[in-house]
Amino acid sequence: MKKVLITGAAGGLAAIVADTLKGKFDLYGVDPRPFPTGREFPGKFFQADYRQRKMADLFRVHGFDAIVHLGRVPIAARLRKTQRFNLNVLGTRSLLDLALKNKVKSVIVLSTFHVYGAHQHNHLYISEEDPLLASQTFPEIVDAVELDNVSVTFSLRNPQVRTVILRPTNIIGDRIKNQISMFLRGKMCPVLLGYDPMWQFIHEDDMANSILLALEGKKSGIYNVSGEGVIAFSHAIRLAGGSPVPVPSFLSGAVIRGLKFAGQYFPRHLVDFFKYPVVVSDKNFRKDFGYEPHISTADALRGLKIETAPESIEGRPELPTEANSKD
Amino acid sequence: MIRALKKKLIDAYLSNEEKSKVERALKNLASTGFDPWGVNPETLKASIASTIWLYRHYYRVVNHGLENIPTGRCLFISNHSGQVPIDAMLITTAALIELEPPRLLRGMVERWAPSLPFVSTLFSRCGQITGDIHNAKNLLERDESVMVFPEGVNGVGKTIFNRYELQNFGTGFIRLAMETKTPILPIGVIGCEETLPSLSKLGPLAKKLGIPYIPVIATGPIPLPTKVTIRYGKPILFEGNADEPDSEVRKKVETVKNAIRAELEAGLAARGERIFTGAGV
């Protein structure tokens with residue numbers, strides 16, 4: 001059985017991906033965070049920063065065939081900007097270097113469609129060749145853009161390592177606890193008054209399945225991945241069982257601060273996504289990897305309210321501080 | 001509450017056949033009830049319900065040459081006038097309720113429109129898209145129909161003294177048509193030029209304020225109930241290289257301009273000075 005290393009293995013998406021991959025691959029998980037108690041990784045788990053020497057040794061000892069790089073620290077993790085940048089950009093870089101040195105055959109990198117940025121001149125559909133405008137209006141997100149860039153440069157320079165960079169739309173589902181699914185689980189969801197852009201979602205199972213397809217496929221490149229439909233944001237909120245609460249644009253800063261005060265963090269770069277549509281085309285991924293979403297957007301949104309099953313994932317564990325300081 | 005109002009509006013002004021026509025005009029609906037560009041059948045029906053009375057009883061629109069409209073993808077090119085795009089509204093309504101199969105025309109709106117609250121949402125729900133070449137190309141490749149006014153704001157803002165004089169045309173639409181192998185349908189709209197007669201654009205003041213024009217309407221802010229004729233010419237299909245130099249494309253622009261001019265002249269000759277009663281047929 002081929003050996004696959006999953007980064008960000010303590011996170012919610014990794015658990016779903018690992019469930020999909022187990023039995024088909026020999027799984028290894030790595031994460032700078034400790035593994036959360038109450039669930040088990042279906043394989044071997046190691047706690048390590050991707051830039052540590054321990055990481056290099058893992059590669060030497062186990063000889064991975066493929067890497068699934070899910071370990072991007074989101075803005076919501078509330079790390080210092082430089083910490084987040086180092087973990088995401090330098091961490092990815094050293095991971096890719098290790099992959100090259102140890103003759104890993106395939107690398108799957110999970111980027112995000114956020115790198116395109118929500119811009120008023122966005123056209124429809126956005127393809128993989130379109131420029132990454134996100135840091136133009138929201139410089140905070142530069143680490144996500146750079147992670148994507150580092151991976152793209154790597155794939156161009158090293159064609160011997162099959163590199164697939166996936167840029168999925170909003171991942172939702174009843175198990176995942178990322179920013180957007182937590183937002184949509186709320187009863188009252190702030191939206192911008194007068195704006196109702198089109199959004200795309202992908203169900204967590206379809207996402208896990210896309211990663212499986214990317215692992216088993218032959219092609220390399222950058223691919224947008226999305227679910228079946230496109231939906232107006234306010235309708236998405238209603239399908240998920242919440243009510244949109246319109247907030248005038250000039251008050252959005254105050255509302256974000258208010259939410260922060262109430263203990264709910266809201267990434268500011270998403271405010272632009274509340275205004276302008278970012279609709280991507282995943283026709284290349286469908287063509288090259290035979291991808292087909294199985295769960296409709298409407299069903300995925302309705303499923304968000306389903307009572308979380310007892311074996312599901314706990315909240316995101318905190319990053320240990322010492323892991324961040326070691327370079 | 002808004003939903004109930006929408007439903008009331010739709011039931012009051014649209015027959016069942018018209019409702020079904022609006023539904024059949026939408027090809028790419030997802031399970032979510034939206035197409036990728038943001039069109040929603042209910043909002044579109046409500047918007048047609050609110051324009052159909054104007055179309056039938058206020059402007060008493062007469063269509064001429066509907067049989068010229070090709071069935072597949074098509075680029076609708078028309079003269080532009082009237083200070084506010086009433087011509088766009090009437091052509092869109094005609095294409096939805098007069099054609100079989102019905103079709104939703106995608107208008108290309110100004111690039112700053114998406115930044116306007118409410119307006120951006122309404123435009124998107126009714127099939128209006130940002131004037132971007134990628135948008136138009138993607139739509140035509142999916143066999144949708146796109147409506148372009150190559151005169152842009154120069155056309156819509158012109159004064160009553162320049163009525164029925166075609167302003168400068170852009171060249172982008174010719175390249176777009178050639179690249180996507182789309183027939184161009186020349187359209188002449190007669191009657192909209194007199195509905196809000198403007199005496200001046202107040203150019204210097206408008207420029208200072210950063211807006212394209214400030215119309216000085218001779219008859220007040222309510223559009224006049226002129227009789228409107230929409231004349232559809234024979235479709236023109238340009239073959240060849242979409243990357244040829246501007247000098248070549250300019251010749252093709254002239255061909256389209258002449259076709260529109262011919263429709264306008266024929267319509268004006270038939271209508272004469274009877275702007276409130278005469279049809280341009």
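## Basis of the model

Residues are numbered from 1 along each chain as its sequence is written, and chains are lettered from A and ligands numbered from 1 in the order in which they are written. The model is predicted, so local features need pLDDT of at least 70 and side-chain atom pairs count only at pLDDT 80 or more, while totals for chains, interfaces and linings use all residues.

## Helix H7 of chain A

Helix H7(A) covers residues 204-216; helices (H or I, at least four residues) and strands (E, at least two) are DSSP runs, numbered from the N terminus. Its 13 residues should span 18 Å at 1.5 Å a residue, and the end C-alpha atoms are 18 Å apart, which agrees. The expected span is 1.5 Å times one less than the number of residues.

Ten of the 13 residues of H7(A) are buried, so the helix is largely enclosed by the rest of the structure. A residue is buried if 20 or more other C-beta atoms lie within 10 Å of its own, exposed if 12 or fewer, and partly exposed in between, with C-beta atoms placed from the backbone. Among the buried residues are Glu204(A), Asp206(A), Met207(A) and Leu215(A).

## Packing of H1 on H7

Helix H1(A), residues 12-21, packs against H7(A) at an angle of about 60°, with the axes 9 Å apart. Axes are lines fitted to C-alpha atoms, for helices over the stretch in contact, and angles run from 0 to 180 degrees between N-to-C directions. That makes H1(A) oblique to H7(A); angles under 35 degrees count as roughly parallel, over 145 as roughly antiparallel, 65 to 115 as roughly perpendicular and the rest as oblique.

From H1(A), Leu13(A), Ile16(A), Val17(A), Thr20(A) and Leu21(A) meet Glu204(A), Ala208(A), Asn209(A), Ile211(A) and Leu212(A) of H7(A). Two residues are in contact if their C-beta atoms, placed from the backbone, lie within 7 Å. By class, this contact has seven nonpolar, two polar and one charged residues. Ala, Val, Leu, Ile, Met, Phe, Trp, Tyr, Cys and Pro count as nonpolar, Asp, Glu, Lys and Arg as charged, and the others, Gly among them, as polar.

## Contact between chains A and B

Chain A gives 21 residues to the contact and chain B gives 20 residues. On the side of chain A that touches chain B, strand E11 (230-232) and helix H12 (297-303) each supply at least two residues. The largest share, three residues, comes from E11(A). That side of chain A has eleven nonpolar, eight polar and two charged residues.

## Tyr223 of chain A

Tyr223(A) is in strand E10 (residues 221-225) and is buried, with 27 C-beta neighbours inside 10 Å. Leaving aside residues up to four places away in sequence, the contacts of Tyr223(A) include Glu128(A), Val164(A), Arg167(A) and Phe285(A). Ser111(A) is 112 residues from Tyr223(A) in sequence, and their C-alpha atoms are 9.6 Å apart.

## Backbone exceptions

Most residues other than glycine have a negative phi, and most peptide bonds are trans. A cis peptide bond joins Leu124(A) and Tyr125(A), with omega about -5°; Tyr125(A) is in the loop between strand E5 (106-110) and helix H4 (134-137) of chain A. The bond from Glu100(B) to Pro101(B) is also cis, with omega near 0°.

Phe118(B) has a positive phi, near 65°, and is exposed, with 11 other C-beta atoms within 10 Å. Phi of Asp143(B) is positive too, near 60°, and Asp143(B) is partly exposed, with 15 C-beta neighbours inside 10 Å.
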